[in-house]
Amino acid sequence: MIIEILGTGCKKCVTLGDNAKAAAEAAGKTAQIVKVTDVAKIAAYGVMSTPGLVVDGKVLSAGKVLTAEEIGRLL
């Protein structure tokens, strides 16, 4: 599973990345966390407000920091 965190590296983006990692571990899934900071790549996903959460190429969230529990329900 590839989890992409879309954002410029702000505190919210870092928190979302940490929460995604915790959610994957809690679900017992192996996940590669990738941080995407290129604005053109973020826009290519159709995300206009960060942070964004993409799992295996599918945008699951944009513009808010999900908790590990919320992410776990989406995985």
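Q: What share of the 75 residues in the chain is buried?
A: In this predicted model, buried residues make up 32% of the chain.

Q: Why does Asn19 count as buried?
A: Its relative accessibility is 19%, and the cut-off is under 20%, so Asn19 counts as buried. Asn19 is found in helix H1. Leaving aside neighbours within four places in sequence, Asn19 is in contact with Val65, Leu66, Thr67, Ala68 and Ile71.

Q: And what makes Thr15 partly exposed?
A: Thr15 also has its place in helix H1. Exposed would need over 50% and buried under 20%; at 30% relative accessibility, Thr15 therefore counts as partly exposed.

Q: How do you know that the buried residues of H1 are on the same side?
A: Start with the list: Cys13, Leu16, Gly17, Asn19, Ala20, Ala23 and Ala24 are buried in H1. They cover an arc of only 165° around the axis, which puts them on the same side of H1. The background is friendly to this reading: an α-helix has 3.6 residues a turn, so residues three or four places apart point the same way. On the other side of H1, Lys11, Glu25 and Ala26 are exposed.

Q: What covers the buried residues of H1?
A: The cover includes strands S1 (2-6), S2 (32-36) and S3 (52-55), together with helix H3 (68-74).

Q: What span is expected for H1, and what does the helix reach?
A: H1 runs over residues 11-26, which is 16 residues, and 1.5 Å a residue gives an expected 22 Å. From its first C-alpha to its last, H1 reaches 22 Å, close to that expectation. After H1 comes Gly28, with a positive phi near 75°.

Q: What makes the largest nonpolar core a core?
A: The label asks for buried residues of nonpolar types, joined through side-chain atoms within 4.5 Å. Twelve residues make up this core: Ile3, Ile5, Cys13, Leu16, Ala20, Ala23, Ala24, Leu53, Val55, Leu66, Ala68 and Ile71. S1, H1, S3 and H3 each supply at least two of its residues, and the largest share, five residues, comes from H1. Apart from it lies another core of five residues, including Leu6, Val36, Ile42 and Val47.

Q: Which residues does Leu53 touch?
A: Not counting residues up to four places away in sequence, Leu53 touches Ile3, Glu4, Ile5, Leu16, Ala20, Lys58, Val59, Leu60, Ser61, Leu66 and Ile71.

Q: What pattern does the chain follow along its sequence?
A: There are three helices and four strands, and read along the sequence they follow β-α-β-α-β-β-α.

Q: Why is the chain called as compact as a globular protein of its length?
A: The globule rule gives 11 Å for 75 residues, and the radius of gyration of the chain is 11 Å, close to that value, so the description holds. The C-alpha atoms fill a box of roughly 30 × 20 × 15 Å along the principal axes.

Q: What share of the contacts with a separation of 6 or more joins residues 24 or more positions apart?
A: Such residues account for 66% of those contacts.

How values were computed
Residues numbered from 1 in each chain as written. Predicted model: local features only at pLDDT ≥ 70, side-chain atom pairs only at ≥ 80, totals over all residues. Heavy atoms only, no water. Expected span 1.5 Å × (residues − 1). Buried < 20%, exposed > 50% of the residue type's maximum accessible area, 1.4 Å probe, protein only. Arc of directions from axis to C-beta. Contact = heavy atoms within 4.5 Å. Rg over C-alpha atoms; globule rule 2.2 N^0.38 Å.
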